[in-house]
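Q: I would like to examine one part of this model closely, with the rest of the chain as context. Please take it step by step.

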Amino acid sequence: MFELVTPLSYWILTILWSVILGLYLVKLRHLSKAGGAIAVLLTILALDAFRTLFESLYFGFYFNSLFGFLPAHIGTVLGRPELLVIPKVINIVVGVVVLVLLVRRWIPREVREKEARMSEQAASRERMELALQGADLGTWDWNVQTGELIFNERWAGMLGYAVEEIEPHVRGWERLSHPDDRLNSEKILADHIKGRTLSYEAEHRLRHKLGDWIWVLDRGRVTERDADGKALRACGTYLDITRRKQVEAALQKSEHLLQESQRVARIGSYVLDISSGIWEGSLALNYIFGADEAYEHSLTGWLALLHPEDQQWVADYLAHDVIEAHGRFDKEYRILRQNDGAERWVHGLGKLEFDDQGQPLSLLGTIQDITERKLAEEAQRKTTVLLESVHEANPDLQFVLDSGGVITHFHANEQELYVPPEEFFGKRMQDVLPEEIGKKFERSIQEAKARESLVTLEYTLPMPKGKRFYESRIVSLADKRLVVMIRDITERKQTEEALRKLVEATSFQIGAALFDSISMELLGILGADCVFIGEAHGVPPKSIKTISVTADGKRTDDFEYDLAGTPCENVVGKSLCSYASGVVELFPRDRQLKELRVEAYVGVPLFDSHGSTLGNLAALFQDPIEDVEFKESIIQLFSLRVESEMERMRVDNALTESESRLDAITNQASDGITVADTDGNYTFVNTAFCAMTGYSTEELLQMSVFDVTAKLRNSASFSESITSKAGHPIQVLLERKDGTEFMSEVVGQMITIDGEACVLGTVRDITERKQAEEQMAASLKEKEVLLREIHHRVKNNMQVIVSLLRMHSRRIEDVRLGRVFDDCRDRVNAMSLIHEALYQSEDLARIDFGAYLIKLCRNLSRAHGASGEGIVVLAGQREVLLGMDQGVAVGMVICELVSNAFKYAFPEGEMGSVSVSLSNRDEDIELVVEDDGVGLQSEIDILNSPSLGLELAVAAVTGELGGAIDVEREHGTRFTIRFKAKSA
């Protein structure tokens, strides 16, 4: 049976296999869709075919017997071995084909899928690398358990390294991390490792190879965990954000600068959304409004901040004039600050922004706090009202400057200005005037601020009508403003120049030469066509005879004329008279005016020192004149010199007549009287001088002053002595004829006799007076030494008392009794310092309280331990001189008030300051003692104080000093004491 089944099955399987193969090839798609069942069946058939193939080869000897049951001719055919080759070959081919198809259908597909997947992964990795390069990202791969940390080249290159230069471990990252950032980064990473966050992200700094720090954005996440959730592996990226950080820092700095600028300028910015009515503002704006972030930032909230009187009109203005009319917001209004309710003035500015349809979208702008400006304007308005009346009456040009030197007000009173008002209003004086004058003004303004007193400044300006002279007076006000008063002093300067010329022209001239010089100078200064000086004749004067006439720049002939019908008739013996034009028409009888074609006239009368008429001085002009006042002042100035010379000439005549009488008088004088020429040769000596020197009159007239003086040996020293000490006594050692010397007091004076300069000397023998003075000086020196010794001993004794009181105070256990001893010690010490100051002072009658105040306050501070408790003592140094009695009283008052401040003004642990100042206030002396402590209680009456210290202080003020005391209790305590200094 086996032999039958096996060949038969072989043939059956071969045929079946061939059918299945055909079906497989025809229905390949359908078979593939059948799934795994067909694949299993085909595999079994293929394996069975191979098995049958090998069996047929192994059992080939059964083939002949296998087909024995068939008919002989069939069996013979089928049993032929060569006939078995066909099914064998078919079986083998079919099996191989099936195997190949199976391998290509299933096994190679898995391989191809795997290769495709690997290729896709490679492409994905390549795309990722390109993406990382494009995004400029560095990557890292961290083995959490071992600490191994792998970086890519971009990560290393970001820091300037090659990959192999960085240790592939967490330690390498730690060494490169900034210590200030590492802890924060490690904390964020630890939270992610523990599963608290989905990813890790941190910004930190890494050190570049060049030493700089770069900022990186570090991102990553755990990619692998074990079954317990423990992190095994993490991967991430690095992005260089240094530039972004720099931009952020710059933006932050810019934002801070903007906020600070707004805060300093008190300007806040805002953005108002029109549709919602919500606005956003800067921090400076919140500060201006006194509002916090929780305040309602809406139009309703903004309107609630407005002053009730301004709310409605501001709301209408915003709605109609700005939003509806598409205008700008530009208004000043009041607000009530939200936090303190304070009223403030603000200036709002805003500009609309529109959408594509031209409808208002938002309002952007600023709001500035202008309260100080408004207050200044109000103060300025009040000041302006106050000063207007003064300005109207004041001919000077006046300016008011604010604390910064900016011109806020001016009053010109129709004066000519250097520049129009619009060019200097709102500017500084130094910015308007020429550079050099501006610098002088700036220095003077700073000086006025520093000294808080009047500062004057003179300068010249080029004006349309010529150069003008000005004097500016700058004074600083209490509110730091300045007032500048400018006066045109051109006429004064011209007068001074005229006076200078007058002095130069007439200092060494007398008589007719002097009159001619004055006429010539006046002709040039006044721009006149004729100047003459006339002498009056008759009582009352009827006519004038000229003594000097100058015209056309030269001296002309004198003439005489009657006063009647001339302008001089209104001048001589009367007063100054001037006619700016039309003088000929006014005095048609004056023939000389017509001949000279005179149009203007200025004349001044001449009087002697007793009021008697001497004549007149007149200037004639062929053209009308404008500056009449100036010409009047100049001619009056010159008239004084003319008057003195005319009077001198009269006196000279009288002196000539009285010389004989003068000789008699001088010879009877007890003092020596001498007259010497400019070389020192005697021209006159009286009898008293002859007696002093032992020479006769004849001998002295042959001698000079150098023959009788012990020190003056040449004319230069003689002239220098007389010139420098003219009119003042000087002591000169004189030699007698017998060779002895005596001290004399000489008064020398330059005089003119007969037109020649000489020296008039008065000599007095002061030998006995000098001896008496020396005796008095020696006696005074002895008394001064004795007085200094007394002050020194009193000071030493008082210091011993202070030391004893200090010793006893330390041993007293009763605190109150100890304080009494301390108070006594301070009082004695204050008196001791007075004696010490007198001992050290050059003036034993007065004390310079500058050094005394410092030493007294220092001793009091040490005695009370004020410096150790944080209490500062300040002493103002002023040059105040007081006698001993007032000095002791002032010292006692300072001692009591400063000690009380130490005891009561500063509760335990509090710091502060105590200041003492003593200064001259007009005719009084002002003593101020103040502190910034808790203040003197209001119920304490200083005139009936329970405190012994205050009682002693008040008694000293009202008793010894005879002054008054005033107390202020706000912001500490301030005692102000005023008294008059007593003469020594």
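What percentage of the contacts in the protein with a separation of 6 or more is accounted for by residues 24 or more positions apart? After that, please look closely at the largest nonpolar core: which elements supply at least two residues each?

A: Residues 24 or more positions apart account for 51% of the contacts in the protein with a separation of 6 or more, a contact being heavy atoms within 4.5 Å. The model is predicted, so local features need pLDDT of at least 70 and side-chain atom pairs count only at pLDDT 80 or more, while totals for chains, interfaces and linings use all residues. Residues are numbered from 1 along each chain as its sequence is written, and side-chain values use heavy atoms, with hydrogens and water left out.

The protein has 32 helices and 34 strands; these are DSSP runs numbered from the N terminus, helices being H or I of at least four residues and strands E of at least two. Of its 984 residues, 38% are buried, where buried means under 20% relative accessible area (1.4 Å probe, protein chains only). The accessible surface comes to about 56,400 Å², and carbon and sulfur atoms hold 55% of it; such areas come from the Shrake-Rupley method with a 1.4 Å probe.

The part requested is the largest nonpolar core, which has 28 residues. A nonpolar core is a set of buried Ala, Val, Leu, Ile, Met, Phe, Trp, Tyr and Cys residues joined through side-chain atoms within 4.5 Å. At least two residues of this core come from each of helix 30 (849-864), helix 31 (884-905), strand 31 (912-921), strand 32 (924-931), strand 33 (964-968) and strand 34 (973-979). Helix 31 provides the largest share, nine residues.

V916 and L927 have the most contacts inside the core. Leaving aside residues up to four places away in sequence, L927 touches V890, V893, I894, V916, S917, L918, F975, T976 and I977. Apart from this core lies another, of 25 residues, among them V531, A600, V604 and L614.

An open sheet of five strands has the order 29-31-32-34-33, with mixed pairing; two strands pair if DSSP finds at least two bridges between them. Strand 29 (871-876) and strand 33 stand at the edges with a single partner strand each, so one side of each has no neighbour in the sheet. Neighbouring strands of this sheet are turned by 10° against each other on average, direction ignored; the axes are lines fitted to C-alpha atoms, for helices over the stretch in contact, and angles run from 0 to 180 degrees between N-to-C directions. Within the sheet, strand 32 and strand 34 run antiparallel and are joined by seven bridges. V929 stands opposite F975 in strand 34, and F975 is also one of the residues touched by L927.

Three bridges join strand 6 (residues 267-273) to strand 7, and Y270 has G281 as its bridge partner in strand 7.

Five of its five residues are buried, so strand 11 is largely enclosed by the rest of the structure. Both of its faces are covered, with L397, F399 and L401 buried on one side and Q398 and V400 buried on the other. Strand 11 pairs with strand 15 (residues 482-488) in the antiparallel sense over five bridges, and the partner of V400 in strand 15 is V483. Four bridges join strand 11 to strand 12 (residues 407-411), again antiparallel, with L401 opposite I407 in strand 12. Five residues lie between strand 11 and strand 12 in their hairpin, where G405 in the turn has a positive phi of about 85°.

Note on methods: Buried < 20%, exposed > 50% of the residue type's maximum accessible area, 1.4 Å probe, protein only.
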